[in-house]
Every structure is written in structure tokens, then in C-alpha cells.
Amino acid sequence: MSESMGKETKQNSSKSDKKNINHIDNSIESQTDGPGSILEIKDLCFAYPEEEKRALNHISFQIKEGEFLVLCGKSGCGKSTLLKHMKTPLTPHGKRKGEILFDGKNLHEMTGREQSQRIGYVLQNPDNQIVTDKVWHELAFGLESLGYKSAEIRIRVAEMASYFGIQDWFYKNVAELSGGQKQLLNLASIMAMHPDILILDEPTSQLDPIAASDFLGTVKKINRDLGTTILLTEHHLEEVFPAADRVVVMEGGEVLCMGTPEEIGEELKKQNHEMFLAMPVPMQIYAKVNSGKHMECPITVRDGRNWLNAICKEKQIRPQEAEFFGKDAKEKLAKEEIILEAKDIWFRYDKDQPDVVKGLNLSLKRGEFFALLGGNGTGKSTTLSIISRLRKPYRGKVLLEGKDVRRYSEKELFRGFLGVLPQNPQSLFVKKTVELELFEMVGGTKEKKNEEYHLAMEKCEAVEGIVKVTHLEGLLHRHPYDLSGGEQQRLALAKILLLRPKLLLMDEPTKGLDSYFKKEFAEILDLLKKQGVTIFMISHDIEFCASYADRCGLFFDGNIAASGTPKSFFAGNNFYTTAANRMARKYFPMAVTAADVAEALLDDSRCV
Amino acid sequence: MKDTFSTYHPLLNMLYFVGVIGVTVFVVHPVILAISLFGGIAYSVLLKGWKKTVKFNLIFSIPMMLIVALMNPMFNHYGVTIIGYLHNGNPFTLESCVYGLVMAMMLVCTMIWFSCYTIVMTSDKFIYLFGKIIPALSLVLSMCLRFVPKFIREAGVISDGQKCIGRSTENGSLVKRAKHGITIFSILVTWALENAIETSDSMKCRGYGEKGRTAFSLYRFDKRDILCLLFMGASFALTLFGFSKGYTFCQYNPKIIVKGIPLTAGSLLVYLAFLLFSVLPVVLELWDRYQWKQRRKQVEKAEQANYRLWEVQD
């Protein structure tokens, strides 16, 4: 390893601001035999116009033919900017140095036709990438643009539809597809052009976990079956790490380190880097626990279990049986304690359609954080819209502080009681800057009392307070659409919080956020909870709910199938549980998060 | 369920409707209109079923027919056969009465044929045909059809979001509701423009803008289409030939002259040719259904034979 490091640094030693970049890459192999590099980035620097700081700083690495390369790093570290450089039409404006070679040829010298054909690029949002109204037309779009003959397009389209399993929805309108199907269609329509390299920019951030896993499975299959080179950025590293040949970690526009996933684990552990937060759970646990023997960093849950077996043997920790908790144990709550109660709610969208919500009962304690988990399309979002009075159940009622939700006036309900954070924060943004956006919520910047603002506090004081709570300082003069996903989410939350809700309802707030933003978001929620706000959220994100919620519920078949504290809720489940629990359940059935497992391992009381 | 004629090449579908609606609109001969009405109703029953066809005709066609039939003699006073005088002194003539009836029938026929047209000529087919003429237009149409449902759905999402911060368009004063409506629209437009950038990126990534774009379609022109086209061509040509010869000449002003009643050899030719043309889709569908039945019977027979054989062996 040190040899290769020396070699790499020698190559780049001319750069004065080059910091401790560790190339763990096995460069001997890459330079002599083995497949040649398909894409080579040579000392790339880039700064957006009118910005001092470079978005990309002396980036150089190679991608070998047929390789599966994962690019990861905190949001805003320059991943997306880097990926956009690999396709000329997408390259942002700004000052640029260095070059990118594709197959030994400078990217700018390639014709547009050659680029669109050989470099496939899948973007983040499944909906926005689709151009036409029919699935088959979308598949053919790229080939049409390149001027292929009908007969050839017919063959290619047929091929793609068969390979990706699209036959069943080949004739459908794209509007009828689910998010996962849409993203798969995007992938298929890119693959129809037979690209040599496939670049994917956080392709699963808008998908639910099952669709995301399917999608990444297909990407892996393409890499394995067709030998297409893959360059991928991702937040769900659990899924992609086992398949990755190499990982490049970026930080602040620079390459922090690169190497195989195992090497990355070792390296980050050595540096004790905060990037670990984003790594797969087994790697997180590995990083926190020191063992006497040197063992390779586990990537998957399976590896993690083996590793844990070895550690437990060494520490002489014996397996432990899981206790069964009466999950649905109904504790009697005092009436004053209940802020929200749903009684026997039945709902369907249409008279002829099946029930979506079937006899739902739910009560929320004042000041608790309740997370409702469940599969896609089970009716979680519908439940949320019933609670927020957007939809009316045909039987049953919703009580807020003991009073029927229908008897609240609009003002009483939405100003000072319920706060609803929509799934897409963009659907709340009206103004040009973040600051105006916040003042818009309290009826303008003028310090005049009006019906939209009734607090005794001065407006700017209120806004300032919220800005502090939601960490929006420094972003006040940006355009809301220029913020990153996590920042947009926080701005939307800030807007809702200006209404001073007692009960905050959220629809998948962690969708598309990376682990730092999630952590930050959780801290904000914690602060709100301390001020007495009750939080109800629906989510797919098991790890997030396990770490931060007070109570979790599983929504299934129109009802809450089970609920309990995260520990009792997840500890008994075999499949529907966190990765940490799946890994460590044999020894520590009650450990639900990575932190729990690490703590249990470091706790010496059970060592014999 | 798709009917047989819809599965033919879009060009045939289009030509057929142009032909049949063209004749209906331009030929005011009562027998021709009756044939067209018969064909139209039969096809609409096949496509939509009895219930919907009857409902459509009761709700739209018959009131329409009455209005047009009554309006014409009220405002037109040509013709030589005067039945009486209106209260303002204008003559009420037989010719204008009859012409009103004919017009009404023509309108109903056209409406029925158009109702079939909207079912058979789906957006794909339309886009395909126009793509042949103007390639850029077909993509624009397809993108519109993609965009409109997306836009409407997003409008719902945004309106829900606004409702949840107490800004609904459903209650409050009119000014306030209008204000909230404008806010929703403004968010929607920003959202659409912002997201369109990504769509354009995606198009550029897939080589849009390169020279020599082709238009792909799933439709193939095969032997069946050629045969059908030949038949359509022949029957339509015969009809037109008859028209040009004046076998079915008719006029309503100033005097009613309707040739072809009673039947002559020439007019019979025209009627038959047009009848064949206008019932073509119905016949195709019925023939198809008949064949299916026959095949099914054969299968049943074969099964029975097997069963007996098995019984004997036992």
C-alpha cells in the first residue's frame, strides 16, 4: 500500500495544495495488465462563476473498463459537479483546469453523437427525465435522436424491454408507472443506446427501499452481464458497497481516499473520519470497536455476523435469546395526555374501490415522536391526509385534544395546532430568497400585526429564532431552489414552524437526504420535542426511525399491525428490522442501532 | 377491448374516417345519410356497447337534431312550396323544412362518427401520422401529453400543501381565495420551469438535437392492411364515381330534386358501394368474432372426442 501511495504522490507532487490524499489503489495492476482505463480524470479543478472556493480541487483518478466504481461523500462535496463534467452538454459554466479523457480522447473533442451514444447518464429525479408519454416511445427516444432506422430501433427496443422486464407495461402511459418503474425505464432507455459507461447520479434517492434495491440490483446485473462500466453516486451504501470494485470518497471537492470497500473501511477507521456515518452499518460498528486481532472490515450483514462471531468468541460473549414483548400492549393514557386520537377510521378513494384504511385506531401522547413505517402504497400517506383533514373518512373520527377535527375552524387548526410538512418541500416555495420565503409565512416583512400573525413577539425576532433552530443561517439570501435537498427540507420545516404547530405531521421527511442531513434533521426534531411539539412521521427509513423515534408502528393492510418503542418493536422482528439488529441479534437481541451494538460490545459486564 | 379495425394501420383508420365523414358532410342525399347513420350507429354499438350509444344519442343527438330541424325553417324562407306564414309574415316552406331535417341528420351522423373516431384514433396513432408529415410536431405532441397529466397532479399536491398551512381556495373571502389561487399557480409555474431544466438535460444526454432525427413507431403496414386498403379504395372510388355521374344528385333549393328514389341501376351501385364502405369496420369485427366462435367449437369438439376415447379404453 505504501508503495502505491508513494507513486501516486510523486505523480501529483507538483501541486502545492495537495493534502494527504491516500490512494490505496492497487496501481501496479492498473498500469501493466488488466483492462485499460475507459475514463481518466487528470487534475481537474473547477470553480463556479463568482465563487472563490473551488467546487473541485485537483481531482485525478481513472476508471477501468468494466469496473463498478462508487463515488461517495457528504452532500455538497462536489460529487454531482464531478459527474456533470463527464458529459459535455451537462457541464456547468465556470473556471476549469485539467482534462478528462474518454478512451484516450479528450472529452471535448468527441462529437455530440459519440458522447450521447457511448456515455449513458441517469439523473436523480425519475419523473423529470422522462420526455414522452408512452413507455415504448421513451425507450426509442435516444435512438430516434441518433437517427437510427425503424427496423433497428424495433430490435433494440424489444431487447431492452425483454432484458428489463418491461413487456408488461410496454404500452402504458408513463403517468401510470410507479417511481421505481419510471427510474427503471430511464435506465433502459439509456441502455438502449448501448453505452460503454453508465453514470448514475443518486438514482435511488427518490425511491422507496424496495424499488431502490431492485434498481441497484439491475445496475449490478448490467455490470456483471454486459461488462458496462458503472460510475455511481449513492446514499444507500449498504446496497452498493458489496458490488463495488472500488470506492472513491470525496470531501470538500477533493478526493479523500480511494480503494476497495474494505480498504476504505480500514482507512477511514484509521483517520477516525466522520464520513463513517454514511457507511454501511457493519462498517460503522467495525469502526467503533477495536479488536485485538486484525480482521478485515465487514461490508455486508453476512460478513458482519461472521466478524461479530469472531469478536464474541474472543471476548467470550455468549448468544442470547430474544424475549418476546407484548408489542400491542395497550397502556392506558390519561385523557389530557392524548393529543391526537383516531377512532375506527375507514376510508376508500372511490365507492367501487377497496378500502385503503380499515378500522384504524391510533393515539398519540403529547410530546412524543411517533414514526409510522410500512411498505409502499399501503395507505400511510392517506392516513396522514385524513389526520390533516384533507380527506374525510367515511366512518370513524379523528379527535384532536378530544375535539373532532371537523369542528375546528381553518384558522384554529392550521395556525397554531397542526403543521404538515409535505413530501416535496418545493411545493411550499413562493419567493425569491429564503428570507422572503420565511417572512411570507407571517404576512410580509412589515412589522404590522395582521391575521396571519398573532404572536406578541416581533416578526423578525420570530423568524430569527426559527432560522437558528433550523440551521438556515448563511442561506438567507439564496434562492430556495438553489439549496440542496436537505436545506430545502429544513426551509420547508422552518416555514411550517413559523405557524407554531403543537402537532407536526411529516410525510417521509428523510427521503433523499444523506446521513449528515438526517442527523441534523433529527437534532432539530429533538429540539422541537423538548419544546413540547408532538411529532408524527411516516417513513420508509427503518434506520432513522429506530435511532430517533420514541414509538414506531408498522402499517399494514389498512391498519397499524404492531407498535412499540423502537427496541421492543425491532428486536422481535426478523426481516423488518435494522441492519444492526440483523447483524447482532444472536448476541444482543435488544441492540437496534449501530451505536447500541458497539456499546454492547464495548461493555465488559457480559464478558466471562 | 380493442375492435379489429383499430388494430389496422393508423393510416387506414385515418383514411377511413376522412372518407366516411367527408361523404356524410358533403353529400346531402337522404339515403346516403341513412346508410352512414346505420354504419355509424352499428360501429358505435360495437365500440361502446348498447347502453352508452343509446345514452349518447338520447342526450346529444336527438335534442341537437330537434333544434337544427326547427331552426332552419324559422330562419330560411327559400323554396317554392309554401306551407304557411310565420307571425312576422315570412313564409314557412316545405323545402327549408326538409333541408332542416337533412341537416339535422347529417349533424348527428357526423357526431356519431366522431365519437367512434376518438376511440379508434388514439393519441399514439395521431402522433404517428403527424410525425410522418412534420417530425418535430409529433415529439411536441407527445411531450404535451406527458406534461399535462404531470402538471395537473402537481397542482393537486401543491394545493394540498397550501391547504395545510391554512390557505385553501375553498373558503374565505373571494379576494383571499383568489390570492391563494394565484399563489398556487405561481408555485406551480416555478416548479414546472425548474423541473423542465432536468428534462432538457435528459434530452441532451440522449442526443436530442443531433442531425437526422427519425421517428420510430410500433406500427407495421402488412398484407392485411394492403388488402383492407384495396377494398376501401375500391368501394370508395365506386361511390365517388357514382356521385360524379350524378346518380344521386339532389337539391333542396328552390325545388326538391332527389335522384335515386325510386331505385335506378346507377343509384343502386352507389348505395351498395357506400354501404360496403360504411359497414366495413363492423363487418371486420363481426367476422372476427364469428371465427373465434368457430375455433372454440372445434376445440370443444376435439375435447369431447378425446373424452369418449378415454371412456372406451377404460
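In the predicted model described here, A:Asn272, which lies just after helix α11 of chain A, takes a positive phi of about 50°. Helix α11 itself covers residues 261-271 of chain A, and its buried residues are A:Pro261, A:Glu263, A:Ile264, A:Gly265, A:Glu266, A:Glu267 and A:Leu268.

Helix α18 of chain A, formed by residues 485-497, has 13 residues that should span 18 Å at 1.5 Å a residue, and this agrees with its end C-alpha atoms, which are 18 Å apart. Because 12 of the 13 residues of α18(A) are buried, the helix is largely enclosed by the rest of the structure. These buried residues include the charged side chains of A:Glu487, A:Arg490 and A:Lys495, and among the others are A:Leu491, A:Leu493, A:Ile496 and A:Leu497.

The contact between the two chains takes 50 residues from chain A and 40 residues from chain B. On the side of chain B that touches chain A, α5 (135-163) and α6 (174-205) of chain B each supply at least two residues, and α6(B) gives the most, with 13 residues. When the residues on this side of chain B are sorted by class, 15 are nonpolar, 13 are polar and 12 are charged.

Note on methods: Residues numbered from 1 in each chain as written. Chains lettered and ligands numbered in written order. Predicted model: local features only at pLDDT ≥ 70, side-chain atom pairs only at ≥ 80, totals over all residues. Contact = placed C-beta atoms within 7 Å. Helix = DSSP H or I, 4+ residues; strand = E, 2+ residues; numbered from the N terminus. Expected span 1.5 Å × (residues − 1). Buried ≥ 20, exposed ≤ 12 C-beta atoms within 10 Å, placed from the backbone.
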